[in-house]
Amino acid sequence: MNDHKRLYLRDKTSEMFYHAFDSYMTYAYPLDELNPVNCSGRGPDRNDPNNWNINDVLGGFSLTLIDSLDMFPIIGDVKGFHEAITLTEKISFDLDSRVQVFEVTIRVLGSLLSAHILASDESYGFAMPGYKGHLLTLARELADRLLPAFWASPTGIPYPRINLRYGVLPWETNDTCTAGAGTLLLEFGMLSRLTGDEQYERAARKALLALWDRRSYLNLVGNTLSIYDGTWHHSMSGIGAGIDSFFEYLFKAYILFGDDQMFDIFDVSYKAILLHLRDTHGYIYKNVNMHTGDLATTWVDSLAAFFPGLQVLIGDIDNAVRHHWLYYTIWKKYRAIPERFDFNAKTPSIKHYPLRPEFIESTYMLYQATKNPIYLEIGEQVLYDLEKYSRTRCGFAGLDSVEKKTIVDRMESFFLSETLKYLYLLFDTDNFINKPDSNWIFTTEGHIFPVTRQSSLKYAKKPTNSPKFCPVFPRANPPTSGRQLDFPLPIEHVQAVSYIVGNVPDRATEERFAYYGLSSNTSTTVEELHQCQHESNEEIFEIKLENSHASLDLLPIKDGYYALSVGGATMKLKNNPLNNNEYILQEIDGFRIGEGKRLKMNEAAVRFLRPPNQPISKSHSVLFQTLGETLEFRSVPAIFGPKIPPSTPFSSELYIPYTSHTNPKTFHSISTLCTYPSTPQNDEDPSNKIFLVRRGGGCSFIEKTLIAEKLGAIGLLVASDSESLFTMSPGHEEFIQDGDDPTGIPAWLITKSAAEKIIKQPFYIFKLVMSISLRTDGAGGDDETKRMGHVTMKSEESDMWLQYNGKPVSNVLIVEQSDIGEVTWWRKEFRGKRRLDFGQTLWCLRFCLGERGGEVKSDGVVTELGVVVSGNGISVEASGVFGLGICCRGAF
């Protein structure tokens, strides 16, 4: 795209902004929003207080005026900026308006702070003569009226809504979403730095950490939860509506405030997203159950289109390009992004488009990172589509249906503050925001905060001498300019995404491919496309570590990663270019092992790796006797716990704890035991019985076993959430040394279908007989050996290496548990006394403190600990700040 065309598009975007803003000022001001079809204004719906779609955002404070303030400096209109600021002098927040804390924070508070910074600092070129800081006064007044939403909550997670005059109303709902409570830190933190008052940032930080503390064992957060007790009411996890900006503010708080704690949380979160949400090729990020990782829906939503922009910010360009292309393909099909698109049905499931900015934002970020002109052309298409389908006589209207192109009489304020802002910045390459030495961060509403030394000095949590480790995501270099790079993905990938969306190649696409020297005439089938991985000229080998669900746990350490569990993981190996007699581990379950990094494993983590001509795992037959009938199911014993010798009978009645007394019983009504000490719903005596519980629920296999044992069980059956069986092993917080296994009862894993058949029987007459036999399940044969290869361990002096088909994998080292190296990931600040759960932490503390005489070293500082064990729990007394290390992460 030549400069003349680019500048024309920039000026056209500016004209669109003034058309929208001037129409608002003419037909709607001082109300909150413009009705662009009827050319009128709208404010809160006083007749229907429960009209949340309107009242959450519109409070009677000229919302569109406030939300648009920092757009004027972006387009270089200093006069318009000063005039708009003058109008805000009439605004007050002493209003009988029940608004959403999240929406008012990002749209109003964020804009007031951004405009105040620009108006008061002459170095930015937009200072307003005679300005005395009334925008900051307004911001503080607003925040003071929002703070009771935090104070009234027992968890620190704020109420979702508050009345600006009367505070939290007695009948206020107690359900909030993760994004709503976890996307406040940038605005409240900036307010604290501008006013010197810590209380704002402290409240927002407490809320965010309270959400993170309630993550699942997969390090995923859910969608909605109770502010009273923090229980999840909607356990779907994803990157879209209800969660989206939670991840954004973790990383941006690190950038803006220099907050290492937020970076560490983000890094763990992003790793979990890549592991559990990202599809094989990076096009789709699925919605899954936060406890199991199972697919929860078959749709993606428009809000998730922001995520490629965040991936650009963290340096993961490859994943950003792939993910963004899915949304571009949807836009190309409908000339807009529907609120939800079902990738299974290949059609929108929620069809309206309210002029959202997220796709434009990611397009802008990708152009800034790559300078690939195709993103300018995508922006051009977006601009003309907005003009064609949404422009009205007095503004721009959202689409009621992206298929029929019918419009709805509403222009939300974010169209001016975000959509047109990112579109303008895409075309204005010389804008002060886009300068190489520019240092600004966008809030989730598109407001700009400067990243300065002062913003990062106060209040940020920075662990002393905390070494930084290489992130789990790859750092990609931006492509160089060149015609061959204009198309950001290979043709095969473009076709694969088109297939997902339901598109067929059109003539324009064919011509465009030809222009760039590409051809869409390929014999590659859709099935083959879904088998392709990263393009490479190197020979890549894939080995599956046990045919089961992945249960990968990676702990970043100083020189790479430590694998606490690798059950079901897939390793990608390539030949070592420097030594043909070696392999190099390139990826494990999608995580790239960086250059010069190693993956270390302890022997327990790989003890089930199949040596040559041996079965994959040991299987047990579980026999249930009822009404003269015998039901037989497969099971796999846990690594931990007592081992039942082969052919030794082991029998008992079965006890099934349920979550409620309701009938009929279903698989999901089986308790996970994770809510202990709440009483399981079963009137039978649990003593000396074998428990059947369900996988998941947020607690580990060892924790389930300890709880069952505490309730009187002599054995435990854990029902998987699928038909795959794997070896239950300790989680990342639960290292077990020889002779230090905390569990006293055996445990086995059975399939979901087995559990479903069991609960349909009258369980009170069940008898369990356990007989053990070794089953190969087809493993060890010639065909299996050819497919899998031989995975073994090779010893050399004091080192032990992973070996594949007789060749060592040079960057995978088998080590003793005490030899994992310096741990740099899990650090926990702790002062004073803290109560610990007995079953979870007694053995944990024993491991952490066992041979250290009650001392823990943390960055060279030795802290004395006093541990008091009682019947109800463990008390720990300590002075100073310390980290208990890897095995006690969940304890404090």
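At what angle do the axes of α15 and helix α17 cross, and within what distance do they come?

## Two helix pairs

The axes of α15 and helix α17 (residues 374-389) cross at roughly 30° and come within 12 Å, where axes are lines fitted to C-alpha atoms, for helices over the stretch in contact, and angles run from 0 to 180 degrees between N-to-C directions. Because angles under 35 degrees count as roughly parallel and those over 145 as roughly antiparallel, α15 and α17 are roughly parallel to each other. Val321, His324, Trp325, Tyr328, Trp331 and Lys332 of α15 make the contact with Ile374, Tyr375, Ile378, Gln381, Val382 and Asp385 of α17, contact meaning heavy atoms within 4.5 Å. Of the residues in this contact, eight are nonpolar, two polar and two charged.

For α1 and helix α18 (residues 414-427), the axes come within 8 Å and cross at roughly 165°, and these two helices are therefore roughly antiparallel to each other. On the α1 side the residues are Arg6, Leu9, Arg10, Thr13, Ser14, Met16, Phe17, Ala20 and Phe21, which meet Phe415, Leu416, Leu420, Leu423, Tyr424 and Phe427 in α18. This contact divides into eleven nonpolar, two polar and two charged residues.

## Basis of the model

This is a predicted model, in which local features need pLDDT of at least 70 and side-chain atom pairs count only at pLDDT 80 or more, while totals for chains, interfaces and linings use all residues. Residues are numbered from 1 along each chain as its sequence is written, and side-chain values use heavy atoms, with hydrogens and water left out.

## The second largest cavity

At least two lining residues each come from β10 (299-301) and α15 (317-334), with β10 giving the largest share, three residues.

## Backbone exceptions

Most residues other than glycine have a negative phi, and most peptide bonds are trans. The peptide bond from tyrosine 29 to proline 30 is cis, with omega near 10°, and proline 30 lies in the loop between α1 (3-27) and β1 (33-35). Lysine 346 has a positive phi, near 60°, in the loop between β11 (340-342) and β12 (347-350).

Key:
Helix = DSSP H or I, 4+ residues; strand = E, 2+ residues; numbered from the N terminus. Parallel < 35°, antiparallel > 145°, perpendicular 65-115°, else oblique. Nonpolar A, V, L, I, M, F, W, Y, C, P; charged D, E, K, R; others polar.
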